[in-house]
Amino acid sequence: MVVKNENEQSLQLGIAQRSSAAAASMKHDHNRHLRLLRSAHRRYYATKYTAKITSTSPGGRSLSAEVSLPPPLPNDPRGYPIPRHHLICKATQILAQSHRIKSPSSDPFHDLSQYLSSICPSLTHAEVSLILKSLNSPTLAFKFFRLCPTIFPNFCHDAFTYSRLLLILSRSLLPDRSHLVHSVLAEMKSSNIRGTISTVNILIGFFGATEDLDMCIELVQKWDLKMNAYTYKCLLQAFLRSHDSGKAFSVYLEMRRKGYKLDIFAYNMLLDALAKDEKVDQAYRVFEDMKRKHCVPDEYTYTIMIRMTGKIGRCDESLAMFDEMITKGYTPNLIAYNTMIQALANGCMVDKVIHLFSKMVEKDCRPNEFTYSVILNVLVAEGQLSKLDKVIGLSKKYMTKSIYAYLVRTLSKLGHASEAHRLFCNMWSFHDKGDKDAYMSMLESLCSAGKTTEAIDLLSKIHEKGIATDTMMYNMVFSALGKLKQIPHQHDLYEKMKEHGPSPDLFSYNILISSFGRIGKVAEAVKIFEELENSDYKPDIISYNSLINCLGKNGDLDEAHMRFKEMREKGLNPDVVTYSTLIECFGKTGKVEMACRLFDEMLAEGCYPNIVTYNILLDCLERSGRTAEAVDLYAKLKQQGLTPDSITYAVLERLQSGPYKKLRVRRKHPITGWVVSPLR
């Protein structure tokens, strides 16, 4: 019991101590906030005066004193006043602190005006520039710039302070910074302030459009300035940024006449722009000048020249550049090898491409997907795809799963399904884990080529490589089987899917309904539709369209019409495919009035018929001998702005031939006996 009481007392003591500490902390924060507010509203004085008392009144109520003016500011060795750093720090502190507190009653520029109005002598241009530089906010800097002439009536900004403000604005992220820069330039013009070459350099670095750069050149002439090497370099790079290699080359020629040189970075920028614009002669001129000016070309320089010559078909010159780069002691990197291989591929030099690729691998330069894509494309283009095995053999140590997957995908897209399948089998043999993208590409390639047996086999074995089959894979195979009318295989695969997973989705059901309907298996299509209704998915417009097409074109028109009404009751709006299908079904069974009524209903519902719909109804009216209505319908077709196609003109030709038309024997449907529509 004693121990318990002692524990309770200790606990209460701890709580009291923590409460006392919290109260002290709150009091400290409150006092700090009061100090900040007082400092924000305190009036600052910048200049100290020294006075000597000369006389006092008998009662001591008044006195007279002599005040000594502060000494003039000391100058640096060049004769310029030395900035008062304590004044700069204080002014910056007032602005920054008031801006940070953001009190409604605080006006940083009012406080600063009071402080600066008490200084003697007034601010110098160098001090204004340093204050602008110290402010981290471009908005504050711009406002302070505007404030200076109002505090000191005799103060006028000079080129130095204008340049500082332009530099701050050019580096800012303000959305209207371009407008602000132009307004500052307009103010300089109205105040007859001539900028320096530094001002021009800042403007060149800021502007990107060619017309603005031309304005900078005009300012050089207007302000009677002389461009230096740095100005030329800035101007050249600015023209390159604006994708104007012609003017950049003109600047380069002027630099050359003045005896100025570029560094390796600027040379490469100019060469790259000229090469991309295929200005070959100018690029060669710059390249030769570069070597004469003792600026040694680097790997990037040679890569630019190789890419340019290879792009225009000068493969021999590209090889010469590549050999010169190696002779100079440079080791080609991946970009250099890829560029040289691309140049040789452009010249259709397959053997040299493979030889250079072998040298690349010998030098332990790892190829990437771009390397293989260039080689693969030239092999396909030259009909030498059999040499792909040699390329793979040379780089066997670099043949990763992702590279195999890339080659399989690329071959599949290029239409070489057999080669892609053979390479895929190699990947299957060498790697325990598979790449899902490669498997999807291979499956798609097999399905597109009609190799459904191989596709089903791949689908059944894909889990052996640690890849789970998904619904998209099954749908891909379902679609291929449906197009080839291999419905028994499709049905077996569907049963396997239901047994082992994954679960079918809406697309699976729609493919199956359409496939069964295509071969006239109405009962199976209806069964799949009912399974869809009992699943987690609900039939959509495509599901109903497939079922209505299946029912209507296989003789059960009443059921098709009932499904049409059912879909509307479930809130699904029939589309142009739905109406076109039903119009064709009613027209083929001689129910022309019902077909016309559906067409009118379609228009009333705001569903606009397309050329297929018009062709169906035109054919229906022509076969039933309702020529006048067919002509009116054709007028509607033209009024709607549709373009007649070959089927439209074939129907019109039959209409114009009238009762003298020849008897035409037309193939009948094997189930319903209907004449097969030319639209199927």
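Let's start at one side chain. The side chain of Asn554 reaches the backbone oxygen of Cys550, at 2.6 Å. Keep in mind that this is a predicted model. So where does Asn554 lie? Asn554 is in the loop between α28, residues 541–552, and α29, residues 557–569. Is Asn554 buried or exposed? The relative accessibility of Asn554 is 15%, and the cut-off for buried is under 20%, so Asn554 counts as buried.

Cys550 is one of the α28 residues that touch α27. Helix α27 covers residues 522–534. The axes of α27 and α28 come within 10 Å, and they cross at roughly 160°. Angles over 145 degrees count as roughly antiparallel, so α27 and α28 are roughly antiparallel to each other. The crossing of α27 past α28 is left-handed. Who makes the contact? On the α27 side, we have Val522, Ala525, Val526, Phe529, Leu532 and Glu533. On the α28 side, we have Ser543, Tyr544, Leu547, Cys550 and Leu551.

Next pair. Helix α13 is residues 280–292, and helix α14 is residues 299–311. Their axes are 11 Å apart, and the packing angle is about 155°. That angle is over 145 degrees, so α13 and α14 are roughly antiparallel too. Again, the crossing is left-handed as α13 passes α14. From α13, the contact uses Val280, Ala283, Tyr284, Phe287 and Met290. From α14, Thr301, Tyr302, Met305, Met308 and Thr309 take part.

Now a pair with another orientation. Helix α10, residues 229–241, packs on helix α12, residues 264–276. The axes are 10 Å apart, at an angle of about 30°. Angles under 35 degrees count as roughly parallel, so α10 is roughly parallel to α12. The crossing of α10 past α12 is left-handed. Which residues meet here? Lys233, Leu236, Gln237 and Leu240 come from α10. Phe265, Ala266, Met269, Leu270 and Ala273 come from α12.

His243 sits in the loop between α10 and α11, which is residues 245–258. The phi of His243 is near 60°, a positive value in a residue other than glycine. As background, most residues other than glycine have a negative phi, and most peptide bonds are trans. His243 has a relative accessible area of 73%, so His243 is exposed.

Asn192 is another case. Asn192 has a positive phi of about 60°, although it is not a glycine. Its place is the loop between α7, residues 177–190, and α8, residues 197–206. Asn192 has 69% relative accessibility and therefore counts as exposed.

What about the peptide bond from Gly501 to Pro502? That bond is cis, with omega near -5°. Pro502 is found in the loop between α25, residues 487–500, and α26, residues 506–518.

Lys363 is in the loop between α17, residues 350–362, and α18, residues 369–381. At a relative accessible area of 61%, Lys363 is exposed. In sequence, Lys363 and Asn333 are 30 residues apart. In space, C-alpha to C-alpha, they are 9.8 Å apart.

The other loop holds Ala449. That loop runs between α22, residues 436–448, and α23, residues 452–461. The relative accessible area of Ala449 is 43%, so Ala449 is partly exposed. Ala449 and Gly415 are 34 residues apart in sequence, with their C-alpha atoms 8.3 Å apart.

Last stop, the inside. In soluble globular proteins, nonpolar side chains tend to be buried together. Here, the largest nonpolar core has 194 residues. Which of them touch the most other members? The answer is Leu112, Leu116, Leu123, Phe144 and Leu407. Helix α5, residues 138–151, gives the largest share of this core, with eight residues.

Take Leu116 as an example. Set aside its neighbours within four places in sequence. Leu116 is then in contact with Leu87, Leu123, Phe144, Ile151 and Phe152.

How values were computed
Residues are numbered from 1 along each chain as its sequence is written. This is a predicted model: local features need pLDDT of at least 70, side-chain atom pairs count only at pLDDT 80 or more; totals for chains, interfaces and linings use all residues. Side-chain values use heavy atoms; hydrogens and water are left out. A nonpolar core is a set of buried Ala, Val, Leu, Ile, Met, Phe, Trp, Tyr and Cys residues joined through side-chain atoms within 4.5 Å. Buried means under 20% relative accessible area, exposed over 50%, partly exposed in between (1.4 Å probe, protein chains only). Helices (H or I, at least four residues) and strands (E, at least two) are DSSP runs, numbered from the N terminus. Contact means heavy atoms within 4.5 Å. A polar contact is a pair of N or O atoms within 3.5 Å; within protein, one must be able to donate a hydrogen and the other to accept it, and residues adjacent in sequence count only if both atoms are side-chain atoms. Axes are lines fitted to C-alpha atoms, for helices over the stretch in contact, and angles run from 0 to 180 degrees between N-to-C directions. Angles under 35 degrees count as roughly parallel, over 145 as roughly antiparallel, 65 to 115 as roughly perpendicular and the rest as oblique. A crossing is left-handed if the near helix is turned anticlockwise from the far one by less than a right angle, and right-handed if clockwise.
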